[in-house]
Structure formats: C-alpha cells, structure tokens
Amino acid sequence: MISVLVVDDQDLIRAGLVALLNAAPGITVVAEAADGETAVTAAARHHPDVVLMDIRMPGTDGTAATERILAAATEPVPRILVLTTFDLDEYVYAALRAGASGFLLKDTGPQRLIEAVTAVARGDMLFAPTVTRRLIETYVSHADPTPDPAPGLDVLTARECEVLRLTARGLSNTEIAAQLYIGEATVKTHLNRTMTKLHVDSRAQAVVVAYETGLVVPGAPPV
C-alpha cells in the first residue's frame, strides 16, 4: 500500500482528496493536515510514502514545509507532490528547488491524480511538458543562460547530458528510451548517475540545473 499524507488548507478540497485516494486500490491516506506546520509534524509521525502538498497556505506554506519534511526525513524519504494553480508559478518553482518530486494543477482529473501519486511513489518525477517547462522557462529566463553546457555539467557524459536535456524538455522515461534507442532501465540509470554527479536529490532539481546552466535554453526549439 502507498501511504499518503494530504495537506490542504481548504476543508472541502482536502476531504475530497482523502476520499478519492482512499477509494483507489493500493493507496491509503494515513494522515491529513490543514497547514504546513501540522504537515511537518504529521510527516515525522506517520512516515508517508507520498505527501500531497498544497503550496499556498497560511503560516508555514508548502515550500517551507517541503524543505523541513525532506530535511528531517530518514530513509525512505517521502516524495512530495505539490498541488497548485497555474497563476502561482513562483511558488511551484520554489517547491521544485526545495526538492518536490513534481506537481499537479488543482483541476487535474481524479484518475490523473491517482496515477501521479503512484508514479512519484515508485520514484518517477511528474514532469508535464505543457506546465512544468513553462514554469521553469519563465523563471530561469530572467537569468542569462548560454546555449552551451556551463561549467559543472562537464562531470556528465555525453549520454547523461542528452538524457538530462530530454528530461528537461518534458519527455517521459519511455519517450526518452524510444528516442535514444535504449531501455527504460538505462534511462533511469543515467538519471540517477546524473543526480549523484550534480549533487541534487530529485529529477526536478536536475531539470532546474539543466535550465540554469544553459543545457536547455528557454524558448529554444528542441534539438
């Protein structure tokens, strides 16, 4: 069973999420919280596999709660799946930097939510090209990245750079494997080695590095 902590400051939304997830096969909600402070306490007490985290809450917001939960967590570290609305881009970007495993819009369909929880629980990064790429490009484009990989990516092999580039473009592991004619297990191996070499804890953070270093240029067509 995948254990989930549901965090949302709106009672009706939180109750709906709890009911939906408890009805899904293989998922159980072990706790719920209405604010970030309570979420931190609940995560330490219940050790959920996944934390479904609202981002904008009174007091301790989702970003701060994400940082504190991951900083205090012991193995296995919970996966943080952020819920947001698209007009709160800056909060999502901060959450990705904090180590969240991905995010969903609050108008996501029930089946997509269940699939997302299952995906992040097994270690995948929920990376939607139509949303995540726009968020990252919007905020990284305020910097001045260059088209060539910046110092720091020189620790990666050419294949690792290509896998990271395609990940940052929003391709799934399956799509990357098909494009590069390699197996999905090989894609995961490249990504794990990339994260280790870049000293990041999640695929989300690796994607941010890809944009910040200029490996992927905001607005540029795919290579």
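Biologist: Which strands does helix H5 (residues 110-121) lie across, and at what angle does H5 run to S4?

Modeller: Helix H5 lies across S1, S2, S3, S4 and S5, and runs at about 150° to S4. Helices and strands are DSSP runs numbered from the N terminus (H or I, at least four residues, for helices; E, at least two, for strands). Angles run from 0 to 180 degrees between N-to-C directions, the axes being lines fitted to C-alpha atoms, for helices over the stretch in contact. This is a predicted model, in which local features need pLDDT of at least 70 and side-chain atom pairs count only at pLDDT 80 or more, while totals for chains, interfaces and linings use all residues. Residues are numbered from 1 along each chain as its sequence is written, and side-chain values use heavy atoms, with hydrogens and water left out.

Biologist: What is the strand order of the open sheet of 5 strands, and why do S2 and S5 stand at the edges?

Modeller: The order is S2-S1-S3-S4-S5, with parallel pairing. Strand S2 (27-33) and strand S5 (102-105) each have a single partner strand, so one side of each lacks a neighbour in the sheet. On average, neighbouring strands are turned by 25° against each other, direction ignored.

Biologist: Why is S4 described as largely enclosed by the rest of the structure?

Modeller: Buried means under 20% relative accessible area, exposed over 50%, and partly exposed in between (1.4 Å probe, protein chains only). In S4, 6 of the 6 residues are buried, so the strand is largely enclosed. Both faces are covered, with Arg79, Leu81 and Leu83 on one side and Ile80, Val82 and Thr84 on the other.

Biologist: Why is arginine 165 called buried?

Modeller: The relative accessible area of arginine 165 is 18%, which is under the 20% limit. This residue lies in helix H7. Leaving aside neighbours within four places in sequence, arginine 165 is in contact (heavy atoms within 4.5 Å) with Leu215 and Val216.

Biologist: What makes H7 roughly perpendicular to H9?

Modeller: Helix H7 (residues 158-168) and helix H9 (residues 184-198) pack at about 100°, with their axes 9 Å apart. Angles under 35 degrees count as roughly parallel, over 145 as roughly antiparallel, 65 to 115 as roughly perpendicular and the rest as oblique; the pair is therefore roughly perpendicular. Their contact has 5 nonpolar, 3 polar and 4 charged residues, where Ala, Val, Leu, Ile, Met, Phe, Trp, Tyr, Cys and Pro count as nonpolar, Asp, Glu, Lys and Arg as charged, and the others, Gly among them, as polar.

Biologist: How many residues does the largest nonpolar core have, and which have the most contacts inside it?

Modeller: A nonpolar core is a set of buried Ala, Val, Leu, Ile, Met, Phe, Trp, Tyr and Cys residues joined through side-chain atoms within 4.5 Å. The largest has 23 residues, and Leu5, Val7, Val51, Met53, Ile69, Ile80 and Val82 have the most contacts inside it. H2 gives the most to this core, with 4 residues.

Definitions and conventions. Pairing = 2+ DSSP bridges.
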